[in-house]
Amino acid sequence: MQTIIHPDKKDWAELLKRPVMDLAEIEQKVAPVLSDVKENGDAALRKYSELFDKVTIEEFEVSKSEMERAEMQLDNELIAAIKRAKNNIEKFHLIQKELVKKVETMPGVLCWRKSVGIDKVGLYIPGGTAPLFSSVLMLGIPAKIAGCKEIVLCTPPGKNGKIHSAILYSAHLVGITKVFKVGGAQAVAAMAYGTESIPSVYKIFGPGNQYVTAAKQLVTKHGIAIDMPAGPSEVAIIADKQANPEFIAADLLSQAEHGIDSQVLLVTDSEAIVEPVLKAVRSQLNYLPRKEFASKALENSKIIVAKSLDETVEIINAYAPEHLIISLDFAEEVGERITNAGSVFLGHYTPESVGDYASGTNHTLPTNGYAKAFSGVSLDSYVKKITFQHISKTGMKQLGDTVETMAAAEELMGHKNAVTVRLKAIKKEE
């Protein structure tokens, strides 16, 4: 990790850049894959499964018996953990349901809004370097709560042509029945355009590498909605001299192990904590099975020593991290000053890992600075907000002349007339 002490504010933008590939270069590689799948369907999917996943797939859809057998492949401890996580995630997302609230904006003019589940949604679950079964819970549970009628799940198979049992068990537990063995940009294309095996959907959810992210962004040009442009995972940590270097090192490594294009960032107002943290990182790194991934990610990562806590907060808001850990005694107070972050973890005993798995909050979050404008996945992500209104005769008499005046000023006489004919009819009745 690179250490930067008291950087000048004019250098922050360059300093806080993510290690991402050129978007135009990525899109040039992804666009032909999308076109191929759109035109050739399953045949293209088989080609890319052999090319990218090194596996031959005859039937993309996971059978009912495969889904049911998955539980038998898992130990009881993991099953219990998945069930507990499911329970917490359900609790957190259930409270996000909105009651219909009707308001009479003036006598006889009644307006309200209703949340309606998106009919067809697609969930992308990464499975290349790690089987992210936790993402099945994070994406599938709110989809079921929202009332989405059709939920399609795509995830890359292993070298044996099968999907990890924990992914299948989690899908079965949540109630997802349409699971397909396909990954990468080709999976996004399949869910966007549909193939002989995989139905098209209206909105695509899920994290992925930069190719998956580029594919999601490209299909929006064809009317497919996406949750957000979520790319490589990242974490930022605010800490001071009171923080535990071992905790900080563990949190940095927990995100660095995601992949070589991940980034971790420590921002502190204490230069004294830098070396103890680096020492702990070096020590803990040796015990990680994914040491190679973490080591590469650390090459793209930084420790920034700010001049003050105020500047630390300012740097974090400029960075807009996916995950933010505030390892301070007064973490909640500082948390109130954070305006740009996907999810915030307060205090010394709140590692980002709890949000990734089981506390209840959603781990599908905006990366690459998108937290400045995007929220993480929530129940709202799976619903459309439809507005309703009912105007009585009294309401038309109250509001009609306002609409006539405004429509006439915009020279839209058809709009005006739609009100005028009703006002005339009401007047005749009286």
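Visitor: What percentage of the 430 residues in the protein chain is buried?
Guide: This is a predicted model. A residue counts as buried when its relative accessible area is under 20%. Of the 430 residues in the protein chain, the buried share is 50%.

Visitor: How many helices and strands are there in the protein chain?
Guide: The C-alpha atoms fill a box of roughly 85 × 60 × 45 Å along the principal axes. Within the protein chain there are 17 helices and 14 strands.

Visitor: Among contacts between residues at least 6 apart in sequence, what percentage joins residues at least 24 apart?
Guide: Contact here means heavy atoms within 4.5 Å. Pairs at least 6 apart in sequence are considered, and those at least 24 apart make up 74%.

Visitor: Which residues does Ile176 contact, leaving aside its neighbours within four places in sequence?
Guide: Ile176 is among the residues with the most contacts inside the largest nonpolar core. Beyond its sequence neighbours within four places, Ile176 is in contact with Met67, Leu123, Val136, Gly140, Ile151, Leu153 and Ala171.

Visitor: How many residues are in the other core that lies apart from this one?
Guide: Ile26, Val37, Ala190 and Ile204 are among the members of that other core. Its count of residues is 33.

Visitor: Is Val219 buried or exposed?
Guide: Val219 lies in helix H9 (residues 210–219). Leaving aside neighbours within four places in sequence, Val219 is in contact with Leu34, Val188, Ala192, Tyr193, Ile204 and Ile224. Val219 has 0% relative accessibility, so this residue counts as buried.

Visitor: How far apart in space are Val219 and Asn88, C-alpha to C-alpha?
Guide: Along the sequence, Val219 and Asn88 are 131 residues apart. In space, their C-alpha separation is 33 Å.

Visitor: What distance separates the C-alpha atoms of Pro19 and Asp261?
Guide: Pro19 sits in the loop between helix H1 (12–15) and helix H2 (23–40). Not counting residues up to four places away in sequence, Pro19 touches Gln210, Asp261, Ser262, Gln263 and Asn300. Pro19 and Asp261 are 242 residues apart along the chain, and their C-alpha atoms are separated by 6.3 Å.

Visitor: Why does Pro19 count as partly exposed?
Guide: Buried means under 20% relative accessible area, and exposed means over 50%. Pro19 counts as partly exposed because its relative accessibility is 23%.

Visitor: Which backbone oxygen lies 2.8 Å from a polar atom of the side chain of Asn340?
Guide: Asn340 is found in the loop between helix H14 (331–335) and strand E13 (343–346). Its relative accessible area is 15%, so Asn340 is buried. Beyond residues up to four places away in sequence, Asn340 touches Ile316, Asn317, Ala320, Pro321, Ala371 and Lys372. The oxygen at 2.8 Å from its side chain belongs to Asn317.

Visitor: What is the phi of Ala320?
Guide: Ala320 has its place in the loop between H13 and strand E12 (323–327). With 0% relative accessibility, Ala320 counts as buried. Its phi is positive, in a residue other than glycine, and is near 55°.

Visitor: Which residues does Ser378 touch, not counting those up to four places away in sequence?
Guide: Ser378 is in the loop between H15 and E14. Its relative accessible area is 18%, so Ser378 is buried. The residues touched are His93, Gln96 and Pro142.

Visitor: What volume does the second largest cavity have?
Guide: The whole structure holds two cavities of 30 Å³ or more. Ile238, Ala239, Asp240, Thr268, Asp269, Leu309, Thr312 and Leu328 line the second largest cavity. Strand E9 (234–239) and helix H13 (309–319) each supply at least two residues of that lining. The volume of the second largest cavity is about 30 Å³.

How values were computed: Residues are numbered from 1 along each chain as its sequence is written. This is a predicted model: local features need pLDDT of at least 70, side-chain atom pairs count only at pLDDT 80 or more; totals for chains, interfaces and linings use all residues. Side-chain values use heavy atoms; hydrogens and water are left out. Helices (H or I, at least four residues) and strands (E, at least two) are DSSP runs, numbered from the N terminus. Buried means under 20% relative accessible area, exposed over 50%, partly exposed in between (1.4 Å probe, protein chains only). A polar contact is a pair of N or O atoms within 3.5 Å; within protein, one must be able to donate a hydrogen and the other to accept it, and residues adjacent in sequence count only if both atoms are side-chain atoms. On a 1 Å grid over the protein atoms alone, a cavity is a set of points where a 1.4 Å probe fits but cannot get out, and a pocket is an open set with protein on both sides within 12 Å along at least five of seven lines; lining residues have an atom within 4 Å of a point. Grid points are joined across faces, edges and corners, and a volume is the space filled by probe spheres set on the points. A nonpolar core is a set of buried Ala, Val, Leu, Ile, Met, Phe, Trp, Tyr and Cys residues joined through side-chain atoms within 4.5 Å.
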